[in-house]
Amino acid sequence: MSAVLTAYESHNALPRTERSRPSDQHAVVLRADRRVDPEVLAERLRDVVEGCPVPGERDLCAVVRRGAGTSRTVWLETVPHRSDDPRAVRALHRELLRPVPRYGPAPVRLVILRCTDGDRLVFTAARRCLDRASLTSVARAVTENPDGPVPRLWWDLPVPGPDDGAESARVANAGVRGADSGPGCRAAHRFTVPAAGHRPAPAAPELRAAQLAAVAYTAMRYLDRAEATVDVVRRRHRSAAVLGAAEETVPLTLTETDTTGGLLAQARSALDGLARATGAGSGPGGDGEGEIPRITVAFDDDNPGGDNPGGEVSYFPGTRPGTPLAVHWFDQGSDGLEGVCLFDESNHDRTLVEQFCRHLTAVLGQLLGQPPTTPVDRLRILDDEEEAAIRALADGGPLDAEPRCVHRAFEEVAAAQPDAVAVAYKEETLTYRRLDARANRFAHALRSLGVGEGDRVGVCMERSADLVVVLLAVLKSGAAYVPTDPGYPAERIAYTVKDAGLRLVIGPDEDSGPGIAGVRTVSVGDLASRAEQEPDTPVPDRTDPGRPAYVIYTSGTTGHPKGVLVPHRNVTALVEATRSDFALSADDVWSQFHSVAFDFSVWEIWGCLLTGGRLVIVPYFAARSPQSFLDLLVSERVTVLNQTPSAFGELVRLMGPGAGEQTVSVRLLVFGGEALDPRVLRPCLDADGWSRCRFVNMFGITETTVHVTAQTVTRTEILHGDRSVGRALPGWRVTVRDSRGRLLPRGVRGEIHVGGAGVALGYLDRPELTGERFLDDPADGGTVYRSGDCGRLLPDGRIEHWGRLDNQVKIRGYRIETDEVRAVLLEDPALSDAVVVPGPDNVGGLRLDAYLIFRDGVHTGHATAEVRERAARTLPQYMLPSTWTPITEIPRTINGKLDAGRLPAPRPGAPENPVGTVPGPEASEAAETGLLAQVCSVWSEVFGFGVGPDHDFFGIGGNSLLATRLTALFRERGLPAPQTRDLYRNPTPRTLAARLER
């Protein structure tokens, strides 16, 4: 596969056709020790151009031949400085970067820069018209012997293609300086490989092979691939009196070998084949679909200066269309090997290009200076100093805090402020004293039920103040809690209970248990009754901070979720790492918005209670109604708010005219759970209340204890859509590595690895999986977690997040492995295969789309509905696909992989069968009048397809975000707005319309 230096590509949201391209031009600069006559040079240049033949019906030189001032080929610019003055150098660079026309008014532009110490003559041409030798010949013909005859030069210009007419006419008619050939912005970086860095000068073929191998291997390391394709420039030899473009590029692919000798031999063989090849080469990738741009390498061994009487001659090479980098190697001089790297500055950061050249230089020096038996793995692109600097950048700094148990840290807070309110839920409140005492009694009750130190206790409870009591009590008893949501399917709850080896589950009542032999379910009421007989003193325990505090289950690629063991010390470390920066104190009011089965709740609950704040538990339906939640934020004067970007997007929708009357008190808004596009915060910049809030984007993973990095999102990040997630927290370390675990340079994309205080103990009873993801780090003796997330380390130590490397996605904050969902579907006896892919929903987020292949070929709406119903018994609602589309075969690429682009458009469900077929005309006819018609219209707008009166909201892909969007749209239409709970209880347009009419 071809290689492209994506490490240097900055994020660009523009369509591909609108992106800038490199300016495919080059220049020769001559230094004259006296003033030249512009009129004489213009006449001589015109005489040279006159020799150009007419290519077909269009004459590239027609404008020049018309004369009468319709076009200029020579310009004079006065630069009132010496030529070595930085201001004069900048003027020269401006000319080098100024685009030249693709065709006419002349193939060469000459600019005279009149400096105080002499003139500089800048000859610039499009590479597609003149190659280096031809451009040099033109410069010589114009400047040599100004009083003598013009040398006869024969032109061999390419004939323009049929698609170039409009552009040719536009440029020819413009007749102005700087006619654009494309919005590229060429830049160059010169570098040298010191002569002392390698053995005595090798022969030319060996040197070229080493140069090619160095470019290819450096690209492999930057791209984390085992091969790289390089476009090598080949020149056709011809008489110096013939002008034109006698260059072509030929792609050469090198693969990683065991030894440096093998790599060099491969490069020599490729160059030998290039020399023997005949016919036109394959040009570099352009803008066509599926083409991958490559690095261009040119070996420039001819001397353009010669004995030119005009003085010093400099050649400035140019890039080629579609190549992110072009490396030109020059002759070996007394100081060593010289090279120039050309790049498009609008796409590639100069600092990173300079870094690439530095690493390229290091690799070339090693190839030339080490024996051919040297293993390729020993070729280093990072030296010890740079590696140490990267590790220092990746380190969040020291964490000045001793490891502690969560419940012990809470007890210290409770002792310091016993009468402060700790938890509030609806009308119920618990002070720190009452919460501590009640949790102590519950802990004694758990001990009486046989719970001991090191045990695991399941917690499957609705939101309430007692939920916090139970979590704290489990920790005080010396056990770890295993949370699960009561809204999950019974089969998933049963799997969690069995996999975690639970013997006791605390639920809302005894009958709601998983029904597994040997597992006891105790209701909250029963546990409270037992606790009344127990003392309110702490339970004696010897819990070590290194023991698990909780086990949270996350999505897994095997089709089953996996439990993550997180110790006490990680939770207290997270709180201490953020306490000072976020100014967390007893004056804060936190909202617990998220399910206890989602690890964001760990941060919400313990971040609040371990810093003395007041925790406001958000009722279930209030968490699903943006207006109700906003009302709660205002009435409870919440100061610390934690949201997934998807959920907060619904709050943003309420910030219309007049919304500022509801002034929030939020001073700190933490985003987590999924990628944040800062541009969603634009309405907050000038909104009353929100404009005074500090926005923080935090990247985190369950296996590294909720949060890893923090980035304060300012107006700059919001307006520019910055995707940085900030630097590592104190005590955490974040590095970017390749697939072999080697550190990558700054700015190069790779897999994010997390080490330090937040790394979990591993996966519960999954030693092989733990060994794959939790790795020993020999650099510091600790453990690092392979996140599976793609990112790069910026020069200032921040991490730029680029999404997942695998099939994992985050939807509304939940981490979902699409392979797990597919594995559940494949257990259905009616299916022979299935595909699950993420797709955009109609509210700016993501959803899951399922494509089904039935064994017997039957794909009726009824059969599809049965598949969905069976899947719903195992998968929680957030993991259930939103659309279910039967297909006859899975489209695949030539390599046998899924070709997602050829999947058909997802299909919504039918009214009589919740999923599987498109709504029929009878559904629309039934909803043509009255309130029902308006309800169907609103649903159709939100879902993006026609909805009939008997479609089931959840059966056609509904979720909490779509529910809140429906409610908002009802208000905008002037219709009676349903409460969120009304929609859950009346899930079809017909039943909802009846409810609204009542």
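**Exercise 1. Work out whether Val706 is buried or exposed, and where Val706 lies.**

Step 1: Val706 has a relative accessibility of 6%. Step 2: check the cut-offs, where buried means under 20% relative accessible area, exposed over 50%, and partly exposed in between (1.4 Å probe, protein chains only). So Val706 counts as buried. Step 3: find its place, the loop between β26 (694-697) and β27 (709-713). Helices (H or I, at least four residues) and strands (E, at least two) are DSSP runs, numbered from the N terminus. Step 4: look at the backbone, where Val706 shows a positive phi of about 70° without being a glycine. Most residues other than glycine have a negative phi.

A quick note on the source: this is a predicted model, in which local features need pLDDT of at least 70 and side-chain atom pairs count only at pLDDT 80 or more, while totals for chains, interfaces and linings use all residues. Residues are numbered from 1 along each chain as its sequence is written, and side-chain values use heavy atoms, with hydrogens and water left out.

**Exercise 2. Describe how helices α6 and α7 cross.**

Step 1: the axes of α6 (residues 204-223) and α7 (residues 260-276) come within 8 Å and cross at roughly 110°. Axes are lines fitted to C-alpha atoms, for helices over the stretch in contact, and angles run from 0 to 180 degrees between N-to-C directions. Step 2: name the angle. Under 35 degrees counts as roughly parallel, over 145 as roughly antiparallel, 65 to 115 as roughly perpendicular and the rest as oblique. Therefore α6 and α7 are roughly perpendicular to each other. Step 3: list contacts (heavy atoms within 4.5 Å). Arg208, Ala209, Ala210, Leu212, Ala213 and Tyr217 in α6 meet Leu263, Leu264, Ala267, Arg268 and Leu271 in α7.

**Exercise 3. Find which residues of α14 are buried, and on which side they lie.**

Step 1: in α14 (residues 524-531), the buried residues are Val524, Leu527, Ala528 and Ala531. Step 2: they cover an arc of only 100° around the axis, so they're on the same side of α14. That arc is taken from the directions from the helix axis to the C-beta atoms. Step 3: these buried residues pack against α11 (432-448), α12, β18 (504-507) and β19 (520-523).
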